[in-house]
Amino acid sequence: MPKPPRSKPLLPDTEAPIRSRPRGKRNPAQPQLLFDPVPERVEPALAQLKSRPPKGNEWSWELKLDGYRLAIHIEPQGIRILTRGGHDWTHRFPAIEQAARALGPATMIIDGEAVVLDEEGRPDFGLLQQSLGAAGKQVGNRASEAVLYAFDLVYLDGHDLRGVEYRSRRYLLEDALKGQKNDQVGAIRLSETLDAEPAVLLEHVCRLGLEGIVGKRLDQPYRSGRTGDWVKVKCVQSEAFFIVGYERSAASAAGFGSLVLAAYRGDELVHVGSVGTGFKKAEANRLRKMLDTLRWKRKQPPLAYSGSADIAWVEPTLIAEIEFRAWSTDGKLRHPSYKGLRERQDNADVFRID
């Protein structure tokens, strides 16, 4: 008797990102198949950065959250929590996983942002990064205090909602969360919409020290990538840059005065300035240890540098989230402040200069 074929594992490589597959048209020869299959992964819709909010009544507004973008898959086989880059981080968000189980037995894919709140109830990226142990050997760390703010519903009980307009998806999301009495407490909460003129909202949000606002076209489907259906307006600019070195300092307990930052211009790295503020003592010490393991072993630095500071160059591996006010005329960051490290598995995009 021939041996039965061996079944393939659901996730053959847990470290490899999961790729979304193109949706095929329903077979007209099988009209009895009424339900859409659950997508293995959905490429997220992304917001375009705008200097000011667009006008019009076709937009819905909510807070821009400072955390990690996640997709929560609630499926018959169990819960999967995927990062923006497609990596399975279910084990790293145990509280969100438990809250997702409570939303069952419905099958759904929830789009949202994981954050850790500070003592005043505001999202703090630094606290989230510390809990995850980003970019170091602590890759298995868990963010037990993380909360997911859900802002979209991509799939629900056999129906792929990507072709449905946002106002209807939003209604279904609110219904799914309120039905469990879980919309404002617990580890999965509803990202509230803000009912006011966006310019007034932005002014108020910035005064409270928050990140900014996000607008979504009410009449548009869910489209992956930066299509313009979603926009974001920030109070303060924040982008990701490579750390390519550090300025030595005898006055600092951590042994460095500032971090040297770089962005992409085409395929090359260019110097965009240095950051010397925003570090807590423990984080500065942790950074110095990581940087010392990445010391540049070549004679020439990893990019063109015309300064005179005493720089210890490192391999461009660590990615830092930097908050800044503006760009100077010579292409350097003005008033930069360190926020934390980002992980490549979070699909951290190093800033590209056009």
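Two residues are in contact when heavy atoms of theirs lie within 4.5 Å. With that in mind, welcome to this predicted model, a protein chain with 5 helices and 18 strands. Of its 354 residues, 48% are buried. Among contacts between residues at least 6 apart in sequence, 68% join residues at least 24 apart.

- Helix H5 covers residues 281-292, and its 12 residues reach 17 Å from the first C-alpha to the last, close to the 16 Å expected at 1.5 Å a residue.
- Its buried residues are Glu 283, Ala 284, Arg 286, Leu 287, Met 290 and Leu 291.
- Viewed down the axis of H5, these buried residues fall within an arc of 165 degrees, so they line one face of the helix.
- The partners they pack against are H2, strand S11 (237-248), strand S12 (256-265) and strand S18 (337-342).
- Lys 281, Ala 282 and Lys 289 are exposed on the other side of H5.

- Helix H3 has 13 residues and reaches 18 Å from its first C-alpha to its last, close to the 18 Å expected at 1.5 Å a residue.
- Buried in H3 are Tyr 166, Arg 169, Arg 170, Leu 173, Ala 176 and Leu 177.
- Down the axis of H3, its buried residues keep within an arc of 125 degrees, so they line one face of the helix.
- On the face turned away from that buried side, H3 carries the exposed residues Tyr 171 and Asp 175.
- As background for both helices, an α-helix has 3.6 residues a turn, so residues three or four places apart point the same way.

**The nonpolar cores**
- The largest nonpolar core has 33 residues, and those with the most contacts inside it are Ile 72, Phe 93, Ile 96 and Ile 110.
- Elements that give two or more residues to this core include strand S3 (68-75), helix H1 (94-103), strand S5 (108-115), helix H2 (125-132) and helix H3 (166-178).
- Leaving aside neighbours within four places in sequence, Phe 93 is in contact with Leu 70, Ile 81, Ala 114, Leu 128, Leu 132, Ala 143 and Ala 146.
- A second, separate core has 25 residues, including Phe 241, Ala 263, Leu 294 and Ile 353.

**A four-stranded open sheet**
- An open sheet of 4 strands runs in the order S1-S10-S9-S2, with mixed pairing.
- Its edge strands are S1 (48-49) and S2 (59-63), each of which pairs on one side only.
- S2 and strand S9 (residues 212-217) run antiparallel and are joined by 5 bridges.
- Leu 63 has Ile 213 in S9 as its bridge partner.
- H3 packs on the sheet and touches S2, S9 and strand S10 (230-234), with its direction at about 45 degrees to that of S2.
- Helix H4 (residues 198-207) also packs on the sheet, touching S2, S9 and S10, and its direction makes about 150 degrees with that of S9.

**Two backbone spots to look at**
- Asp 157 has a positive phi of about 45 degrees although it is not a glycine.
- You will find Asp 157 in the loop between S6 and strand S7 (159-160), and at 40% relative accessibility Asp 157 counts as partly exposed.
- His 335 has a positive phi of about 50 degrees, and it is not a glycine either.
- His 335 sits in the loop between strand S17 (333-334) and S18, and at 58% relative accessibility His 335 counts as exposed.

Note on methods:
Residues numbered from 1 in each chain as written. Predicted model: local features only at pLDDT ≥ 70, side-chain atom pairs only at ≥ 80, totals over all residues. Heavy atoms only, no water. Core = buried A, V, L, I, M, F, W, Y, C linked by side-chain atoms within 4.5 Å. Buried < 20%, exposed > 50% of the residue type's maximum accessible area, 1.4 Å probe, protein only. Expected span 1.5 Å × (residues − 1). Arc of directions from axis to C-beta. Pairing = 2+ DSSP bridges. Axes fitted to C-alpha atoms, helices over the stretch in contact; angles between N-to-C directions.
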